[in-house]
Amino acid sequence: MQQKSRIQSKTVVIAASNIDTDQLMPARFLTTTTRHGLGQHLFADWRYDANGQPIASFALNDPASKGAKILVAGPNIGCGSSREHAPWGLLDYGFEAVVSSQIADIFKNNCLKNGLLPVVVDEATHQTLLHSPGAEVVIDVAHRTLSIVGGPSTTFALEPFAQYCLLNGIDEAGYLLSKADAIRAYEQRMGL
Amino acid sequence: MSGLTLFEKIWASHEVVAETPSTPAVLYIDLHLTHEVTTPQAFTFLRERGLPMRQPQLTFGTLDHSTPTLADELYGRVPMKHPQAQRQVEQFVKNCAEFNVPLLDVQHPNRGIVHVIGPELGLTQPGKTIVCGDSHTSTHGAFGALAFGIGTTEVGHVLATQCLLQRKPKTMLIQVDGHLQPHVTAKDLILAIIRQIGIGGGTGSVIEYRGEAIRRLTMDERMTVCNMSIEAGARAGLIAPDDCTFAYLKDREHAPRGAAWDAAVARWQRLYSDEDAVFDRTVTIDASAIEPMITYGTNPEMSVAINERIPTKTGDAIFEQSLAYMGFKPGQSLIGQPIQHVFIGSCTNGRLSDLEAAAAVFKTKSVAKGVTVLVVPGSAQVKRAAEALGLDAVFKAAGAQWREAGCSMCLGMNGDTVPAQQWCVSTSNRNFEGRQGKGARTLLASPTMAALAAVHGQLMDPRGVL
């Protein structure tokens, strides 16, 4: 996993509430057996029309959004299916952080496992961000702060172990594997 | 000190390493269910790191999501419609063979939807921790197991260590008093609960369902309720095991036998929330006030009783977009709404009792002209049991299609899809945009209401006609 301590970028805003993972990555793209190349299918049914042409009014098709690394979404993004193809698609597209007032549990976990930062902000900050697409934002992982450049700043919650993994560019697998003795002891106790 | 909730009892008995402020708990997983869609990259992780599987006998594999429901395609007499799906199925078979994971291959007489076969085979048991790379793993909570969906990275963690790193979730009690009225089903109950607490209402929580109405539910019905806990955003749904649970499990293939059975039941009988246990949040529901439900929008919270009108939310652009997608207007009544497709199946409502409920309707009347009906059993066992009762003949005589087991039109991965702008009454769990095919309009309902819509070609209130 890539080390991540600071993200600075303009934002893209997709204000819809309850953006489910079927929207982020429709099921017909889940037959892949790798993690790669899913960025082209991100938001496929909102991004392209029936003929595969970009829908101009959709935020990701706005030329001004090109290069943005921070996605600001309406409340409860990532609800529904556990498909990790959703964060894989977001990362492959170029996003490094997803910001909302509420982020669904499994999706949030999946983001953290891949170094895509889920940022849950307070209602007021969320409203400000939703109403200022393209705003320049700085996210500091070490201090857990999100600052709108030239505007307000806020702190956000980040599970300490996930934060440690992000700051050091390591994944959880190594830590779990280092607990082999404790796992063996548990299995013996349970007769496994 | 207050007592413990059912969740806390299961959690405590699976902590390999307790959580600290800086590290999550290491939680032991008793049963890992796997399927072809969310595992290929996890097996790749094992290969890349040169890791063995820690406990291959605690993982079970089945093929369900991308598998065809037409027998010729499923059994390889003709190629699958989607070559990429075929490759994914073949890759999973190869992965299971290489890592010694027991697999219910396409030919296996017990293959089926992962959340139907776990209980059916007696793999799902009270007090277990159960995970699967699938959000509807919450289904298994109906047995008093702590069961939740995980992503593919976590699937890899379980394959390699049989453990997960987890922070302890919050607890929510949903107390369902009274009992359900005639023609009101477990599906209506859970849709009503989701409407009340909201699609994100259970986020961060494990829900325990309790109360008279829950006690009176069969295991199939409890599974329908727990299955859709994720549609309220919950990590898991739980129902304390009782005699109904034990009777279901007795003599199942993987259930304990003889003295081990007696010991297991004695252990399972201690799995309940103590009288003085404290929940982070409690919601009380009056079961007798619930009516047959139908969704009208693009998430499972957007539902009404069948005799209610679609609400009006002036100035709510997202709500209006959702209605526009569905082809509905605020204030509209749904009774009499024409429909073109009906799907009966899925891990929510694809068990034998669901098929029996649908067949009871198809016995009286044939499928209406212009309506396509797919009946897809949740497993090969459900299929055989239905055929032994002659239900297949009822469906076919009525003009419905009787298919092979699988997830099918619930998510349309396997080619079973609904065309754009057409309405489908579905017994599945999600009415998200495009869930059943690009542009498809899904209305979630019980098997009874879906079957009634099939034979009338329009939505009906079961209370008026049954």
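Mentor: A polar contact is a pair of N or O atoms within 3.5 Å. In this predicted model, 24 residue pairs are in polar contact across the interface of chain A and chain B, both residues of a pair at pLDDT 80 or more.

Trainee: Which elements of chain A give two or more residues to the side that touches chain B?

Mentor: They are H1 (21-24), H2 (44-47), H3, H4 (105-113), H6 (160-168), H7 and H8 (180-189) of chain A. The largest share, seven residues, comes from H8(A).

Trainee: What makes the meeting of A:Asp22 and B:Arg435 a salt bridge?

Mentor: The side chains of A:Asp22 and B:Arg435 meet at 2.9 Å, N to O. The cut-off is 4 Å between a side-chain nitrogen of Lys or Arg and a carboxyl oxygen of Asp or Glu, so the pair qualifies. The count between chain A and chain B is six salt bridges.

Trainee: How much area do chain A and chain B bury between them?

Mentor: About 4600 Å² is buried, 57% of it on carbon and sulfur atoms. On the side of chain A, A:Thr31, A:Leu176 and A:Tyr186 supply 14% of the area buried against chain B, more than any other three residues.

Trainee: Why are residues such as B:Phe43 and B:Leu46 of helix H2(B) called buried?

Mentor: The term requires under 20% relative accessible area. The buried residues of H2(B), residues 40-49, are B:Pro40, B:Gln41, B:Ala42, B:Phe43, B:Phe45 and B:Leu46. What covers them includes H3 (85-93) and H7 (172-177) of chain A, together with H4 (83-98) and H6 (152-161) of chain B.

Terms used. Residues are numbered from 1 along each chain as its sequence is written. Chains are lettered from A and ligands numbered from 1 in the order in which they are written. This is a predicted model: local features need pLDDT of at least 70, side-chain atom pairs count only at pLDDT 80 or more; totals for chains, interfaces and linings use all residues. Side-chain values use heavy atoms; hydrogens and water are left out. Buried means under 20% relative accessible area, exposed over 50%, partly exposed in between (1.4 Å probe, protein chains only). Helices (H or I, at least four residues) and strands (E, at least two) are DSSP runs, numbered from the N terminus. Contact means heavy atoms within 4.5 Å. Buried area is the accessible area (1.4 Å probe) that two parts lose on being put together, summed over both. A polar contact is a pair of N or O atoms within 3.5 Å; within protein, one must be able to donate a hydrogen and the other to accept it, and residues adjacent in sequence count only if both atoms are side-chain atoms.
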